[in-house]
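Please look at the sequence and the structure before reading on.

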Amino acid sequence: MLDRFSRKIEYMRISVTDRCNLRCRYCMGDGIRLLPMADILTYEEIIDVAKAALSLGITKFRITGGEPLVRKGCTDLISNLKNLPGTEQVLITTNGVLLEDSLKSLMDAGTDGINVSLDTLDRERFRYITGFDALEKVTRGIKKAVDTGIPIKVNSVLQPGVNDDEWKDLAEIARDLPIDVRFIEMMPIGEGARYESVSNDELREKIVTAYPGYEADNRVHGNGPAKYIKIKGFKGSIGLISAIHNRFCSSCNRIRLTSTGKLKPCLCYGETLDVREILRDPRSENREQKLLRAIKESVMMKPEMHCFEEKSNITEISGMSAIGG
Ligand code: SAM
Ligand code: SF4
């Protein structure tokens, strides 16, 4: 469906849990308070929201978290979403720690693509950023996933003085493997507000200087706002997701469903619409109608643009692990 600014909204990010097996400093930090399990939508409730979304033309879903693969039955949810009439794509974003173990079920479920978050290729830095010694597991999972032929993207958040010197090593993943490597600017949401962002404009300059044989890559790579560069001889492309330095709101195509059943029109703002209330109201007679109305309303609530560059206007107070990135 179209929103007030004639943008086609066809993509829903679904956070299935706020739990995670890592503790990335800029996302969860140490002192995170987990939500009561009773507040988290059941898979049946998620399917009901997806059915309503599908009837409004939202046909692509991304499963995220927290870490989606820590929630039991996550791949069954993917399979059930894939089987809904009208579903075009079901994708997942994961930290990769459980990728190796879940790969077969992800494939059997018909997952259309996997994004793996990986900020460093250095074991000690991985431990520093995420709190866990799991780099090897993640890289093993990525390699095995590539062997299956499923489309894989690597997402990296660079931080000045922490891992920004690794941009080239991370980009080089795309040389030998058919993986798109995307650099995401740090967004001032939740814990991320306490961290500095690397400018993707500056990063782009570094990339094109280091690899003169590059060209803009305007092929459609997915449902997101990344701008891609193709480097000669590389199997994958390099993507830049520049939330701060290059506003991409005019092409925004998404709404978010948080793990507690809030429809979220924009990352920047705290305004949400509660569908859990509708789903769990025992007296509700026209539940389907109410769900449809709530989704339509949340699409119509989408603002024209975010306000990341004016931090005082940001009204979102939840952390990324609760929202789903
Ligand atoms: N646990 C999964 C993972 O790490 O891929 C999925 C959820 S995580 C919240 C999704 C993405 O959000 C990750 O790529 C993570 O790096 C990114 N992220 C978290 N906090 C962020 C922030 N403040 N700014 C930009 N990206 C952030
Ligand atoms: Fe967990 Fe993903 Fe957040 Fe890291 S970025 S703490 S892996 S939810």
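## The shell around ligand 1

How many residues surround ligand 1, and which are the closest? The ligand has 18 residues around it, and Y26, G66, S117, M187 and M320 are the closest of them, where a residue counts as near if one of its heavy atoms lies within 4 Å. This shell divides into 7 nonpolar, 9 polar and 2 charged residues, with Ala, Val, Leu, Ile, Met, Phe, Trp, Tyr, Cys and Pro taken as nonpolar, Asp, Glu, Lys and Arg as charged, and the others, Gly among them, as polar.

The model is predicted, so that local features need pLDDT of at least 70 and side-chain atom pairs 80 or more, whereas totals for chains, interfaces and linings use all residues. Residues are numbered from 1 along each chain as its sequence is written, chains are lettered from A and ligands numbered from 1 in the order written, and side-chain values use heavy atoms, leaving out hydrogens and water.

## Polar contacts of the ligand

Among the polar contacts (pairs of N or O atoms within 3.5 Å), a polar side-chain atom of S117 lies 2.5 Å from an oxygen atom of ligand 1, while a polar side-chain atom of E67 is 3.2 Å from a nitrogen atom of the ligand. The backbone of M187 also takes part, with a polar atom 2.7 Å from a nitrogen atom of ligand 1.

## The second largest pocket

The lining of the second largest pocket consists of 18 residues, of which L35, S318, G319, A322 and I323 are the closest to its centre. This lining divides into 5 nonpolar, 8 polar and 5 charged residues.

Terms used:
On a 1 Å grid over the protein atoms alone, a cavity is a set of points where a 1.4 Å probe fits but cannot get out, and a pocket is an open set with protein on both sides within 12 Å along at least five of seven lines; lining residues have an atom within 4 Å of a point. A polar contact is a pair of N or O atoms within 3.5 Å; within protein, one must be able to donate a hydrogen and the other to accept it, and residues adjacent in sequence count only if both atoms are side-chain atoms.
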